[in-house]
Amino acid sequence: MKFTVSAKELEQAIESIRVKGKSLTSKGFGNATMGDYIYMVLDGNVLSIINGSAIFMARITLSVVGEENGNFVVDATVVLPYLKSFKDEITVAGGDFISIEQNRKRASLPKVVNHPNMDALENSLERTKEITWSAVLDKLPSFGKTAFEGAFAITSAQFSSCIKNCELVKSGVYSLNFNKETTTFSSQQTVQNRYTETITPVSILGEAASLDYTGPLHNFFDKEQLLNFYVKDDFPLLIVAEDRMILKAPQIGD
């Protein structure tokens, strides 16, 4: 596997794919990432950068200059410090190890032999492979054999601002209620401690749906992106932007 890419673009993509932020953890509500093991796949001039587990999958696509197709797994905490030290274009190659080269500079990094969640990750990739972003909501895709029932589009700025206010509740669980006209996001600890915000989508499609989810999904997207949300009652939440998508299993029960 070998390709040439902007060091800054690759760094930003890997930072984003970790999905860092306030999250519900085993120790309560606090800072966390959704995973540091990153799967990279090169096909022609398209590099797919993927993170995943049994409960979520995130994917970003970058345009690169591809030389040799292939794939490898890398630890983000190992590769990011090197990427921060490079500027402009770099050449990345994967063999027995990973190399990053630029003029007279060359870094060698270990590969991760196996992604700890590869089976679940490949299953999610297979079930979402036909799903792409569209500026117009005109169809409801399927996740595997089951179709989503509703869709709406809002901006990343609206999504981020809303969920940042929901985070102040410190519950870590976010409720999404799409009623075919508006979408309401909310979070609640007690009757006295809660936050609710209603957004009018840019466009809508399909039937009403509601679900709960966890995780700082709003931090995954770039500013000024238009986000297509695909929903179904108590079903995985799918959010698709022009160059990325994230799939998150619903939060069921406490």
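This is a predicted model: local features need pLDDT of at least 70, side-chain atom pairs count only at pLDDT 80 or more; totals for chains, interfaces and linings use all residues.

Student: Which elements each supply at least two residues of its lining?

Tutor: Helix H1 (7–17), strand E8 (70–75), helix H2 (76–85) and strand E10 (98–102). Among the lining residues are Phe3, Met40 and Val92.

Student: Salt bridges next. How many does the structure hold?

Tutor: There are 13. One of them joins the side chains of Asp222 and Arg244, at 3.2 Å from N to O. That pair links distant parts of the chain, 22 residues apart: Asp222 sits in the loop between strand E19 (209–214) and strand E20 (226–231), and Arg244 in strand E22.

Student: Is Arg244 buried or exposed?

Tutor: Arg244 is buried, because its relative accessible area is 7% and the cut-off for buried is under 20%. Asp222 is partly exposed at 36%.

Student: Which residues are linked in a network of salt bridges?

Tutor: Lys8, Glu11, Glu15, Arg18, Lys20, Asp36 and Lys84. Within it, Glu15 and Arg18 meet at 3.5 Å, N to O.

Student: Changing topic: where is Ser53?

Tutor: Ser53 lies in the loop between strand E5 (46–52) and strand E6 (56–63). Its side chain reaches the backbone nitrogen of Ile55 at 3.2 Å. Leaving out residues up to four places away in sequence, Ser53 touches Asn117 and Ala120.

Definitions and conventions: Residues are numbered from 1 along each chain as its sequence is written. Side-chain values use heavy atoms; hydrogens and water are left out. Helices (H or I, at least four residues) and strands (E, at least two) are DSSP runs, numbered from the N terminus. A polar contact is a pair of N or O atoms within 3.5 Å; within protein, one must be able to donate a hydrogen and the other to accept it, and residues adjacent in sequence count only if both atoms are side-chain atoms. Contact means heavy atoms within 4.5 Å. On a 1 Å grid over the protein atoms alone, a cavity is a set of points where a 1.4 Å probe fits but cannot get out, and a pocket is an open set with protein on both sides within 12 Å along at least five of seven lines; lining residues have an atom within 4 Å of a point. A salt bridge is a side-chain nitrogen of Lys or Arg within 4 Å of a carboxyl oxygen of Asp or Glu. Buried means under 20% relative accessible area, exposed over 50%, partly exposed in between (1.4 Å probe, protein chains only).
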